[in-house]
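Student: Could you walk me through this structure, beginning with how the chains are built up?

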Amino acid sequence: MDLKKYISSGILENYILGLASKEECSDLESNLKLYPELSIELKTIEKALEVFASAHQVKAPAGLEAGIMDKLGFNKTVHPASSTPIAKPSSHNTGFTSLLLAALLCILSLIAAIWFFNQNNNARTELNEVNDDYTTLKSDCETKDGQIQALENKLQILREANNLKVQMNGTDRVPDAIASVIYNPTSKKSYIDVLHLPPPPSDKQYQLWAIVDGAPVDMGVFDVVFGEDTILQEVPFIEKPQAFAVTLEKKGGSPTPTMEEMVVVGNFVAG
Amino acid sequence: MVQEQDQLEIKITSLLRAKDQEAISLIYKHYADTLYGFILKIIPSKEAAQDVLQDTFVKIWKNADKYDASKARLFTWFVNIARNTAIDKVRSAQFKRDNKTDSIENFVHKDVTGTEEINVADSGLQKIIQSLDEKHSILIELAYFKGYTQREIEEELGIPLGTIKTRIRSAIIELRKKLGSDFSRNLLTILLTLIVLYYTSD
């Protein structure tokens, strides 16, 4: 049987509306048992008509139920109106409630999503801050590491065997000035270590001298800014010095020392 | 909703079979208003309509064992009983069905616009029903509420007998479509409104 053709003939609607003839009815009823699609379509039409009918519902008078119960000889009090929480099938209340519930759920999940989004953002910001701090600390640490390394190297120099130390004390011009020369005849290296020298004027520089056979020998200019690079500065090695002295000279140094500008001096005592 | 409705029908059916009085309470609670509105369409007199409603319940109770769930839904069965009871009443001596000879205009005016009673169905549903194509709603009114036979519809509306069946089908298809689309549209509207509200209230 062509079900589509059968359905579209309108027989189902007419059956429900009671418009079908007796033969059509019994035909349809036996077909319903054979074709499940037919009953599904039938039920859908019935439901549509039920909704249609419920759109026209009118509140029945209050006393009517008791009248019906009386007519049927029921004792109403034995069976009070059922409190079964099944919704009125003929109204859209249940549909509306579930709509409302669905909408509420949607709002809740929306709020939750926004809350989590914010949480995530906050966490991200915090993480970035901590990351920045970490980077700063790391580079600080690396700088310090370099400084420690440099200082260790300097310490190595000071601890070397056969080191001789010549302390140079301040002259009358600068009585509190003090500096030393570390002199090692074995490794043939020498260093100047400034403990305290006043900062020179911007156009001047300190220059170190060795006195060899009574004559000054240039040992180069140096800076007095404190730092791991300047704490112990290597200077040229001079054989057989008798004394060391520092004078204040023009920038770049002078070929001969300016004796009036001598700030520290110390005699070399051979060990 | 539909599932709850089905559950309700199953429950009532088994109560009816067991001859449990609670069946009548349940039917009254869930269907009395709809059946009353239905009967008022056929019999505008409240008093007579109430009589018919009472008789309908009595018939439901007495014929409970005749209901066959495989042939029709419970509600369809109720409506058939109510319609037949009402039509019997109309055809009895004191109720001549004068309306039947009225013109279509009168018919529509009297019935589609509703009775004076307070209509308890929700307004959204009312709007859908009213938005139906008039030639369709008349057809459903005549066949469903009035119990007109195909021949009577032919006389009333001048539609050839052969096309009445299919015309009724397209009327009900329109009803089904309207009910379906309205539901999803409402859902969408409500959701969008809520989302907009949420964002604008921030």
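Tutor: From the N terminus on, chain A runs α-α-α-α-α-α-β-β-β-β-β-β-β-β, where helices (H or I, at least four residues) and strands (E, at least two) are DSSP runs, numbered from the N terminus. This is a predicted model, in which local features need pLDDT of at least 70 and side-chain atom pairs count only at pLDDT 80 or more, while totals for chains, interfaces and linings use all residues. Residues are numbered from 1 along each chain as its sequence is written, and chains are lettered from A, with ligands numbered from 1, in the order in which they are written.

Student: In chain B, where is confidence lowest and where is it highest?

Tutor: The term to know is pLDDT, the predictor's confidence in each residue, from 0 to 100. In chain B its mean is 76, with the lowest confidence in helix α5 (residues 104–112), at a mean of 37, and the highest in helix α3 (residues 46–62), at 91.

Student: Which residues have the most contacts inside the largest nonpolar core?

Tutor: A nonpolar core is a set of buried Ala, Val, Leu, Ile, Met, Phe, Trp, Tyr and Cys residues joined through C-beta atoms within 7 Å; a residue is buried if 20 or more other C-beta atoms, placed from the backbone, lie within 10 Å of its own. The largest core here has 65 residues, and those with the most contacts inside it include A:Phe52, B:Leu35 and B:Phe78. Its largest share, 13 residues, comes from helix α2 (residues 22–42) of chain B. Apart from this core lies another, of 22 residues, among them A:Val194 and A:Phe222.

Note on methods
Buried ≥ 20, exposed ≤ 12 C-beta atoms within 10 Å, placed from the backbone.
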